[in-house]
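Work through the exercises below with the model open beside you, and try each task before reading its solution.

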2 protein chains.
Amino acid sequence: MSCPGVRVIRLGINDDPRGRLTVGEVGQQLPFAPARYFTVSRVPQGEVHGEHAHRQCHRFLVSVHGSCSVIVEFKGRRAEICLDPPEFGLHIPPMVWGIQYKYSPDAVLLVVASHGYETSDDFRNYAAWQSADSSDA
Amino acid sequence: MSCPGVRVIRLGINDDPRGRLTVGEVGQQLPFAPARYFTVSRVPQGEVHGEHAHRQCHRFLVSVHGSCSVIVEFKGRRAEICLDPPEFGLHIPPMVWGIQYKYSPDAVLLVVASHGYETSDDFRNYAAWQSADSSDA
């Protein structure tokens, strides 16, 4: 992982003959208290999601079915992470630019967020974000 | 729905050509602040999960892929709900007995919980729970 602040976190796993349990608990695997979650599914092949950064909101991404890839960028460094179900969560802190793509046809991406939805928290323009990212370096 | 306190809640849905987004936000669709989530998957056919009640913990169940059914019981009343992906969440408040079964082979059940994992919060014995449920009637 070469992107500052971004972490791949191993979830709690319990496999037994009755099935598989994966767990994310606040203060253990989950590094923040959630205010919201959403799932992304039925993504057509080739589609790209994300393409923004948050000023304050932390995100925790888990591919709960199928797979997708995430590109993160911060302080001039970039990394790509393939999320396979569902042993790992990806913690994306505020100010990290992120995109999600390469969704498999059956992919369901779970995103747990530290804040409710507020458009004012978003950088949607890459150049504006880049300028803020550089000035804070 | 004939089981007191248990509610089927319609999630926020956004369908567009880039895919489907479903949202659960605290104070809107999610009736409590989460402390933990877990997913249940790879459940063999015929297997039954749950079979317990919590003293304090609220749960919010969403079938994010495939489907399963939930039986809830409280104050002598029982209901069965089939969870199809992923437009609806099922809020199960404390003291409601619940089981999950009829998992489809591809099912992924997301459970959001108001408390961390504590075995002391569980009723695992149906008769003991029934006695407490009746005395609180």
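The exercises that follow concern a predicted model, and each task is followed by a worked solution.

**Exercise 1. Relating the copies**

Task: Find the rotation and the shift that superpose chain A on chain B, and say what kind of axis relates the two copies.

Solution: Begin with the superposition, in which a rotation of 180 degrees, with 0.0 Å of shift along its axis, brings chain A onto chain B at an RMSD of 0.0 Å. The two copies are therefore related as by a two-fold rotation axis. To place this axis in the model, look for Pro34(A), whose C-alpha, at 3.0 Å, comes closest to the rotation axis among the residues of chain A.

**Exercise 2. Describing the interface**

Solution: Of the area that chain A buries against chain B, 25% is supplied by Arg18(A), Arg20(A) and Tyr37(A), more than by any other three residues.

Then turn to the polar side of the interface, across which 15 residue pairs are in polar contact, and where the count of salt bridges is 2. Arg18(A) forms a salt bridge with Glu47(B), their closest N and O atoms lying 3.8 Å apart.

**Exercise 3. Following one residue**

Task: Locate Thr39(B) in its strand, decide whether Thr39(B) is buried or exposed, and identify the side chain of chain A that is joined to Thr39(B) by a polar contact.

Solution: Thr39(B) lies in strand β4 of chain B, which covers residues 36-41. Its relative accessibility is 2%, which is under the 20% cut-off, so Thr39(B) counts as buried. Its neighbours, leaving aside residues up to four places away in sequence, include Arg20(A), Leu21(A) and Val64(A) from chain A, as well as Val108(B) and Leu110(B) from chain B. The side chain of Thr39(B) is joined to that of Thr22(A) by a polar contact of 2.5 Å.

Note on methods. Residues numbered from 1 in each chain as written. Chains lettered and ligands numbered in written order. Predicted model: local features only at pLDDT ≥ 70, side-chain atom pairs only at ≥ 80, totals over all residues. Heavy atoms only, no water. Least-squares fit on C-alpha atoms with pLDDT ≥ 70 in both. Helix = DSSP H or I, 4+ residues; strand = E, 2+ residues; numbered from the N terminus. Buried < 20%, exposed > 50% of the residue type's maximum accessible area, 1.4 Å probe, protein only. Polar contact = N/O pair within 3.5 Å; in protein donor to acceptor, adjacent residues only side chain to side chain. Contact = heavy atoms within 4.5 Å. Buried area = accessible area lost by both parts, 1.4 Å probe. Salt bridge = Lys/Arg side-chain N within 4 Å of Asp/Glu carboxyl O.
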